[in-house]
Amino acid sequence: MNDLEMFQMEVLMPSEEEKNRAVAMILDTALIQKGGIWQELCRTMNAVGLRMLFFGAGDCIFLAGLVLCVCLFPAAAVLANMVRIAPCLFLVSPAFYALAQLLTMWKDYQTRMLGWKQTWRISFRVVMALQMLVLGVVSVVGSVLVCVVLWSLSRQAVSFVWLLAVAFSALFLYGGSSLLCQRLWGVRAALSVPFVW
């Protein structure tokens, strides 16, 4: 009997049951259990956190807010006094959302963070959905503030609820068209929505 045969005899191979247990343990540890969409979003938000969700994008969000405060909102207030208020509000409402999303995507692409985010154990689509939800909530709050300003400038001539309805419908229409483009043609197709808007 040579050394190789003796080595093969001494090595104990695991039984089929031991193999199955080891594979099940690895899968339970490595794979995230799928649940409902809200459970998955909450689990991802708890795991990632808000800072990591927008890692490196704080300047993009700040710049989007600054551009809106310095340029678009005053222009909207001036235009609201000159022309009808509804078209102006409809066009300006999704501006923060669009600008923040564009700048964040551009920066992720330029710094190669997009590829890094796609290698996470957490689904890239869930991360993008969470970013869209957070930006959407901030945009809704911003739209309420814009409506308050325009309602004050119009000297309460227009119903505040009607202004909110116009602003929210524009924001949700923009978000829906962005999601539709992403669904049909991929993430890069969402870049066309702000230019069409």
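Modeller: Asp59 counts as partly exposed, at 44% relative accessibility; buried means under 20% relative accessible area, exposed over 50%, and partly exposed in between (1.4 Å probe, protein chains only). This is a predicted model, in which local features need pLDDT of at least 70 and side-chain atom pairs count only at pLDDT 80 or more, whereas totals for chains, interfaces and linings use all residues. Residues are numbered from 1 along each chain as its sequence is written, and side-chain values use heavy atoms, with hydrogens and water left out.

Asp59 forms a salt bridge with Lys107 (a side-chain nitrogen of Lys or Arg within 4 Å of a carboxyl oxygen of Asp or Glu), and the closest N and O atoms are 2.8 Å apart. This pair links distant parts of the chain, 48 residues apart: Asp59 lies in helix H4 (residues 58–82) and Lys107 in helix H6 (residues 95–110). Helices are DSSP runs (H or I, at least four residues), numbered from the N terminus. Lys107 is also partly exposed, with a relative accessible area of 23%.

H6 in turn meets helix H9 (residues 160–185): their axes, lines fitted to C-alpha atoms over the stretch in contact, with angles running from 0 to 180 degrees between N-to-C directions, come within 9 Å and cross at roughly 30°. H6 and H9 are therefore roughly parallel to each other, the class for angles under 35 degrees. Contact (heavy atoms within 4.5 Å) is made by Tyr97, Ala98 and Gln101 of H6 with Leu171, Tyr174, Gly175, Ser178 and Gln182 of H9.

Key:
Helices (H or I, at least four residues) and strands (E, at least two) are DSSP runs, numbered from the N terminus. Angles under 35 degrees count as roughly parallel, over 145 as roughly antiparallel, 65 to 115 as roughly perpendicular and the rest as oblique.
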